[in-house]
Amino acid sequence: MIRNIDILIEIQNRIHKFRILEDVIAVLLEDKDTEFSDLIENPCQEMCDILNAINDIDKLLDSLTEDLRGSMVNDGFDPDDYKFWNACVIHSPYNLEGLLETFEGAIETLELYILETVRGYKILTQLAYDKNPRLPGLNQQEDKG
């Protein structure tokens, strides 16, 4: 079985990929002769990759446990909304033009959630300081172990 933290780290990698591709597409669109619809009709590799990154994030979100998905909603990211937007883009890639800013905002919120969750995980799983024999209960735990 794969742990939630492993999935979050993989989502974080896809988010970095999305951000890089987003910048590349923005540079392509700065050219006065290039329209967003041109990139859809004659897809460049970056356009295909960004669509795949969006879809990969959706699939990885499906792999998370329900309690973690619920905590995402509490922090401002709704995986069900993301799934709906992804379905719109899968149905018609032309929808990406209107949804790109929506994805950017959602992914930014998701990235902040992941950074905080991974940070908390690292804090909770790091080694503690050496045992202080004066603390109550520590000697009893050693005897049972």
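Predicted model: local features only at pLDDT ≥ 70, side-chain atom pairs only at ≥ 80, totals over all residues.
Reader: What is the relative accessible area of D81?
Author: D81 has a relative accessible area of 37%, so D81 is partly exposed. Buried means under 20% relative accessible area and exposed means over 50%, with partly exposed in between (1.4 Å probe, protein chains only).

Reader: Where is the place of D81?
Author: D81 sits in helix α5. Helices (H or I, at least four residues) and strands (E, at least two) are DSSP runs, numbered from the N terminus. D81 and A106 are 25 residues apart in sequence, and their C-alpha atoms are 9.2 Å apart in space.

Reader: OK. How many helices and strands are in the protein?
Author: The protein has seven helices and zero strands. From the N terminus on, its elements run α-α-α-α-α-α-α.

Reader: Which residues is N86 in contact with?
Author: Leaving aside neighbours within four places in sequence, N86 is in contact with I54, N55, D58 and F103. Contact means heavy atoms within 4.5 Å.

Reader: F103 is one of the buried residues of α6, I see. Which others in α6 are buried?
Author: Besides F103, they are L96, L99, L100, A106, I107, L110, E111, Y113, I114 and V118.

Reader: What do the buried residues of α6 pack against?
Author: They pack against α1 (4–30), α2 (36–41), α3 (45–63), α4 (66–74) and α5 (79–91).

Reader: Where is the kink in α6 centred?
Author: The kink in α6 (residues 96–125) is centred on T102 and is about 25°. The bend at a residue is the angle between axes fitted to the seven residues ending there and the seven starting there.

Reader: Now the packing. At what angle do α1 and α6 pack?
Author: About 140°, with the axes of α1 and α6 10 Å apart. Axes are lines fitted to C-alpha atoms, for helices over the stretch in contact, and angles run from 0 to 180 degrees between N-to-C directions. By class, the contact of α1 with α6 has 14 nonpolar, three polar and five charged residues. Ala, Val, Leu, Ile, Met, Phe, Trp, Tyr, Cys and Pro count as nonpolar, Asp, Glu, Lys and Arg as charged, and the others, Gly among them, as polar.

Reader: Where is the place of Q12?
Author: Q12 is in α1. Its relative accessibility is 15%, so Q12 counts as buried. Leaving aside neighbours within four places in sequence, Q12 is in contact with I114 and L115.

Reader: What about α1 and α3: at roughly what angle do their axes cross?
Author: The axes of α1 and α3 cross at roughly 160° and come within 9 Å. α1 and α3 are therefore roughly antiparallel to each other. Angles under 35 degrees count as roughly parallel, over 145 as roughly antiparallel, 65 to 115 as roughly perpendicular and the rest as oblique. The residues of this contact of α1 with α3 divide into 14 nonpolar, one polar and seven charged.

Reader: And at roughly what angle do the axes of α3 and α6 cross?
Author: Roughly 50°, and the axes of α3 and α6 come within 12 Å. That makes α3 oblique to α6. M47, I50, L51, I54, I57 and L61 of α3 meet L96, L100, F103, I107 and L110 of α6. Those residues divide into eleven nonpolar, no polar and no charged.

Reader: Last one. Where does Y94 lie?
Author: Y94 lies in the loop between α5 and α6. Its relative accessible area is 42%, so Y94 is partly exposed. Leaving aside neighbours within four places in sequence, Y94 is in contact with S37, I40 and E41. Y94 and L39 are 55 residues apart in sequence and 9.5 Å apart in space, C-alpha to C-alpha.

Notes:
Residues numbered from 1 in each chain as written. Heavy atoms only, no water.
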